[in-house]
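Hi,

Here is the structure I promised to pass on. Have a look first, then read my notes below.

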Amino acid sequence: METTSQVGAQAPPREGAAGTEGAEATGSAGGVRPAVPARRTVDNFLMAPFPWYGLDGAFTGPRWLLQAGTSAEAVVEHGSIGHGDEPSLRAADTRDAAERDRFAVVVTVAASPVRRTADGTGVLEATSVSSAAWLAGSGLLAVTWPAQMDHTLRDDWLTQQTETAWVLADDLASDDWASLSLPVDGVPTPFHYRESEYGWVLAGSTREGVHLGAYGRGMSAYGLGFSVIKDIEEYA
């Protein structure tokens with residue numbers, strides 16, 4: 001991954017798919033930072049200079065927007081599209097997670113080289129497949145942290161798990177990742193894939209100049225396919 005260090009990794013948001021648009025954590029991997037999810041706001045998605053991806057036409061369930069992350073220069077760099085049930089972490093919901101949620105979220109990350117900031121005072125790291133893996137891993141944590149955990153332990157748990165997600169994303173060649181081939185725009189494409197007790201995460205690249213990440217629970221990753229979204233406004 002084209003990053004040299006992790007800067008102040010921070011736990012993901014505590015309320016799953018609900019949050020404040022545009023707020024971002026301070027952790028980074030490959031030049032991107034996970035944004036606090038904000039649903040049903042299409043404006044930033046429309047400003048992206050790259051194509052958005054979602055599950056292909058074989059998926060016929062609900063589709064919904066999460067967030068589009070922007071740089072300090074207000075350039076859209078990545079975003080997420082949800083499919084299936086919208087995950088919930090409400091304390092009153094005592095159903096088992098596998099019964100409560102069946103979802104897959106697709107993360108699109110613009111492929112960018114190392115470049116200078118707009119004001120010329122700094123350097124932005126390159127994005128890579130690891131960037132997509134990091135955003136997918138932290139996104140999964142944001143909707144699967146143990147809601148019944150004691151509040152005094154929750155922050156420590158989230159910090160530790162987020163650090164682990166970053167380390168895993170930084171070494172896609174490790175034994176923690178398996179290989180998986182899935183169709184992207186109809187073309188078999190290699191992905192890095194891993195499972196945990198919280199769900200699954202995968203990451204790869206497309207021929208359209210973007211990296212793809214995905215995470216989910218209750219839906220098998222093995223039968224998924226991805227394609228360019230023709231009209232992102234239909235998701236709003």
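D43 is exposed, with a relative accessible area of 52%; by the cut-offs used here, buried means under 20% relative accessible area, exposed over 50%, and partly exposed in between (1.4 Å probe, protein chains only). Bear in mind that this is a predicted model, where local features need pLDDT of at least 70 and side-chain atom pairs count only at pLDDT 80 or more, while totals for chains, interfaces and linings use all residues. Residues are numbered from 1 along each chain as its sequence is written, and side-chain values use heavy atoms, with hydrogens and water left out.

D43 sits in helix α1 (residues 43-46); helices (H or I, at least four residues) and strands (E, at least two) are DSSP runs, numbered from the N terminus. Together with D231, E233 and E234, D43 forms a negative surface patch. Patch members have over 30% relative accessible area and no salt bridge, with like charges joined within 9 Å and nonpolar side chains (Val, Leu, Ile, Met, Phe, Trp, Tyr) within 5 Å. A salt bridge here is a side-chain nitrogen of Lys or Arg within 4 Å of a carboxyl oxygen of Asp or Glu.

Now the rings. Five aromatic pairs turn up, where rings of Phe, Tyr and Trp (its six-membered ring) pair if their centres lie within 6.5 Å; planes under 30 degrees apart are stacked, over 60 edge-to-face, and the rest tilted. One of them is F45 with W52: the ring centres are 4.7 Å apart and the planes are at 55°, so this pair is tilted. F45 is buried at 2% relative accessibility, and W52 is buried at 4%. Ring pairs also bring in F50, giving a cluster of F45, F50 and W52.

F103 and Y215 make an edge-to-face pair, 6.3 Å centre to centre with 80° between the planes. F103 is in strand β4 (residues 103-110) and Y215 in strand β10 (residues 210-217), so the pair ties together parts that are 112 residues apart in sequence. Buried or exposed? F103 is buried, at 0% relative accessible area, and Y215 is buried at 4%.

Two other spots are worth a click. A133, in helix α3 (residues 129-142), is buried at 1% relative accessibility. A133 and A214 are 81 residues apart in sequence, and their C-alphas are 7.8 Å apart in space.

Then there is D185, in the loop between β7 (178-184) and β8 (187-196). D185 has a phi near 50°, a positive value in a residue other than glycine, and is partly exposed at 35% relative accessibility.

Cheers

Conventions. Areas by Shrake-Rupley, 256 points an atom, 1.4 Å probe, with all protein chains shown as cover. Lys, Arg positive; Asp, Glu negative; His and termini not counted. Charge placed at Lys NZ, Arg CZ, Asp CG, Glu CD.
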